[in-house]
Amino acid sequence: MLKFDVLIIGSGLAGMTLALHLAESRKVGLITKRDLLEGSSTYAQGGIAAVLDTEDSVEEHIRDTLIAGAGLCNEEATRFIVEHSKEAIDWLIALGVPFTKDETHRTGYHLTREGGHSHRRIIHAADATGAAVTSTLGQKIKAHPNITELEEHIAIDLITSRKLGLPGNRAYGVYALDKQADQVVTIAAKHTILASGGAGKVYLYTTNPDTATGDGIAMGWRAGCRVGNMEFMQFHPTCLYHPHSKSFLITEAVRGEGGILKLPDGTRFMPEHDPRAELAPRDVVARAIDFEMKKHGLDCVYLDISYKPAHFIREHFPNIYAHCLELGIDITQQPIPVVPAVHFTCGGLVTDLTGHTDVDALYAVGEVACTGLHGANRLASNSLLECLVIGKAAAEDILAAPEIKLPKIPDWDDSQVTDPDEEVVISHNWDELRRAMWDYVGIVRTNKRLMRAQNRIRLLSEEINEYYRHFHVSNDLIELRNLVQTSELIVRSALLRKESRGLHYSRDYPEKLELAQETILTPEAPAQADGA
């Protein structure tokens, strides 16, 4: 058995932030499914929204966030996060994150603008901000003696007092699969943090890495946490459409710097859909592209910034330029083929402003959580900011918590299971689930489609849970179990919303209700840990 003061599940910006804030005085364990830098944070291109310029203000950033969130943002959470934005950026700069500089600007840094923002307030490192931030923090983590990295480990389920037959409902760590040893290990901790990211892989097309399988949301739900606003899955309007490039995102900043969306014949279409045109929020742009593709029977539309000087494009978007060029697309000379793809999970485990969930000593930070910041539609580049601010707040809360003793925790028992002999069952169900979610729970929804998805998910869930009970766990089986659970929560939440708001657009309920209400689901009772 491994023991830590704090166990962090996930190595994106939320997990890294917590680890570095805690490690001076706590023994920290950091679980990651692959290597330390594999996750959505690393792939974030655009940047971090923060109030850094004297011409900008906290009130204007809050207002932009509330407008994008379509009436569902929690104003207290939004204010708390935005008010701490400069402090968060200053911390990253002090750690050595190489943000793009602009000596002519009064801040000393180049600030870009993205859809939904009224000011240039996105600080960035060219078009690879996530990689710059996570690599800088990753070096600090690898060098810290109080942080133990457990790479190639995947959490199976939380260990809670209820599962141990103790009073209350408190988290005491996790059971996790050591993938290289193919053994389940017991990891005990006085405080446990879910920083495992979102659930983009429930859909067929996503900008998310393969690790985004809703693990933290599913584990938290099974342990007794409420989930909120799971129907709001954000589709990024512009994912590169190319047979040899999977899930490559074309950052919102391309449109922020003047990129124009066009049909194959060169016709610009966004002004017909919204007066803000290409700078409208993501939900508006994604629906407009979806509409035009269906209307004209298109496989994709085109994003054109080629009218800008070539040196400007190469300087501001070096990674996009290089990647597209490898595929034979010179973005200084021709438009980029793009399609919408699932990008961000706006809902998640319900938390307060210190990351607390409904389970004692269990925190959720980052995309896995629902603080109320994102409402019905996340404003561009607010997500990394949330990781930084709530990550620090959660760390401070943990440091101030009273000392506790760990109870006796039994090891994982898999003596009654066997090795699976039909791996094809997992791959088939994985594919069927993601296609059903894409076809029936996409950008535009109907009750009929949602009911079809719910029926298929119910059948898949029964089959997968039976498989889980009888066979030795594997990475794919664990992820599939979590994907099915998360999909069920998304569909159930979507069926409860009898209106169109933000990212949830229903043909059956095209109008927005006057009263904005969150969708909160409460588990009936925490599941018992199979194998525990």
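Start with helices α1 and α6: α1 passes α6 in a left-handed crossing, meaning that the near helix is turned anticlockwise from the far one by less than a right angle (clockwise would be right-handed). Select residues 13–22 for α1 and residues 129–143 for α6; the angle between them is about 35° and their axes lie 10 Å apart. Axes are lines fitted to C-alpha atoms, for helices over the stretch in contact, and angles run from 0 to 180 degrees between N-to-C directions. Helices (H or I, at least four residues) and strands (E, at least two) are DSSP runs, numbered from the N terminus.

Show the side chains next. L13, M16, T17, A19 and L20 of α1 touch V133, T134, L137, G138, K140 and I141 of α6, where contact means heavy atoms within 4.5 Å.

This is a predicted model, in which local features need pLDDT of at least 70, side-chain atom pairs count only at pLDDT 80 or more, and totals for chains, interfaces and linings use all residues. Residues are numbered from 1 along each chain as its sequence is written, and side-chain values use heavy atoms, with hydrogens and water left out.

Now colour by pLDDT, the predictor's confidence in each residue, from 0 to 100. The protein chain averages 92, and 97% of the residues score at least 70. Residues 526–532 stay under 50.

Move to α15 (residues 447–470) and α16 (residues 475–496), whose axes come within 9 Å and cross at roughly 150°. Residues to pick in α15 include L450, I457 and Y468, and in α16 they include L480, V484 and L495.

Last, select the open sheet of 4 strands, ordered β11-β14-β13-β12 with antiparallel pairing. Two strands pair if DSSP finds at least two bridges between them. β11 (233–240) and β12 are at the edges with a single partner strand each, so one side of each has no neighbour in the sheet. Helix α10 (residues 282–296) packs on the sheet and touches β11, β12, β13 and β14.

Walk across the strands:

- β11 and β14 share 6 bridges, and L240 stands opposite V338 in β14.
- β14 (residues 336–345) and β13 share 3 bridges; Y302 has P337 as its bridge partner in β14.
- β13 (residues 301–304) and β12 (residues 260–262) are joined by 3 bridges, and I260 is partnered by D304 in β13.
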